[in-house]
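User: I'd like a close look at the aromatic rings in this one. Take your time and walk me through it.

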Amino acid sequence: MDFLAFQEAAFARTANQRYDEYFRCYSSAMLHGPQRDNVNYGGKVIMPPSALDKLSRKNISYPMQFELRNNRRSTVTHAGVLEFIAEEGRIYLPHWMMKTLACEEGDLLQVLSTDLPQGTFVQLEPQSPAFLDISDPKAVLENTFRNFSTLTKGDIFQFSYNDNVYDVAVLQVKPESESMAIGVIETDLSVDFAAPKGYVEPTRSRHGGENMGNPGRVVSAGAGAGAMARKIDFDNLQTAGQAVGKFAGAGHKMSGKAIALDAAKQEGSAERASVVKRVPAPLRLPKGTLFFGYEVRLPKDPDAPANDQDSRVKFPGRGQSIKESNRKAKQESRGGSGRGEPIEID
């Protein structure tokens, strides 16, 4: 009986012990095989098979959660485990987790088992205004958190979306605990976003003069004689171009005699020289002003009454038969000669 009691006490003591091991840490890029985004942009580590054997002998709650400590730099974070396929004595971490722990390749890392409370709230701060380009950040983060088991206050994790990598800092977690970390598996998590780091609120420009007090105001062209021209200073916007004319000079004879031009030719030459081409100038309006300076021709309404000219009869006469006209001509010629009317028998 004493031997059985000793075995039960030893088993209970072993079951209650916390998993505590040291490994050489390496980034996930050093892992053999193709690159895996769920490893590099997630919150889980890869441990050796011996770790699974030791963990199975202890009373470890699932899903497994671990506290990672870099005692040389006094940095701490938390993670889950993805697979047990690493070489013995090694542990592979995402690149962002290596930066958080200030670890270099091959540094000694302490791994302890832990049990974190289920999270209810987290506040995140994107580290770049480029995060605002994501059309649906909620759906993107829901998909990202599938690769995470824990979130720790102060961590800056990474995720990939549309071939872009985004950094996000964890500002606050609830419920608060001594470890300042929460579990994010099988829980309803409320997410709040702080303004992205480096984001500047857009300011309204003060240029534009008096019209800035009433943005979007439409200036009517019929508000007075020359109202719009005065508003936009149209006279100063016009620029004169070069004179248009095929040839405005005079010809010369080889003999040196003067050329006598007709009065009509001289007048036409003077008119061509006086023609000035107006080069269109850019129309610079104050902000918020619309210029309706061109005539708008509306399409015709098919239901509208037609004009008088359109309602006139194009051809008021009537048609005649050639056969009837010949018959009348014969009758008139015979009637003039005094004879009786002939009877035609068809």
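Are phenylalanine 159 and tyrosine 166 buried or exposed?

Analyst: Phenylalanine 159 and tyrosine 166 are both buried, where buried is under 20% relative accessible area, exposed is over 50% and partly exposed is in between, using a 1.4 Å probe and protein chains only. Keep in mind that this is a predicted model, where local features need a pLDDT of at least 70, side-chain atom pairs count only at 80 or more, and totals for chains, interfaces and linings use all residues. Residues are numbered from 1 along each chain as its sequence is written, and side-chain values use heavy atoms, leaving out hydrogens and water.

Now for the rings. Eleven aromatic pairs turn up, going by Phe, Tyr and Trp rings (the six-membered one for Trp) with centres within 6.5 Å; planes under 30 degrees apart are stacked, over 60 edge-to-face and the rest tilted. One of them is tyrosine 19 with phenylalanine 66, an edge-to-face pair at 6.2 Å centre to centre, with 70° between the planes. That pair ties distant parts of the chain together, 47 residues apart: tyrosine 19 is in the loop between helix H1 (2-15) and strand S1 (20-27), and phenylalanine 66 is in strand S3 (residues 65-70). Those elements are DSSP runs numbered from the N terminus, helices being H or I of at least four residues and strands E of at least two. Tyrosine 19 and phenylalanine 66 are both buried. Your own pair, phenylalanine 159 and tyrosine 166, is stacked, with centres 5.4 Å apart and 25° between the planes. There's also an aromatic cluster made of Trp96, Phe145, Phe148 and Phe157.

Some rings have a charge over them (NZ of Lys or CZ of Arg within 6 Å of the ring centre and within 35 degrees of the ring normal). Arginine 90 lies over the face of tyrosine 26, 4.3 Å from the ring centre, while lysine 174 has its charged end over phenylalanine 121, 5.4 Å from that ring's centre.

Strand S3 also holds glutamine 65, which counts as buried because its relative accessibility is 5%. Contacts here are heavy atoms within 4.5 Å, and beyond four places in sequence glutamine 65 touches residues including Leu112, Asp115 and Gly183.

As for confidence, pLDDT is the predictor's score for each residue, from 0 to 100. The chain averages 77, and 62% of the residues score at least 70. Over residues 208-225 pLDDT stays under 50, and residues 239-244 are below 50 too.
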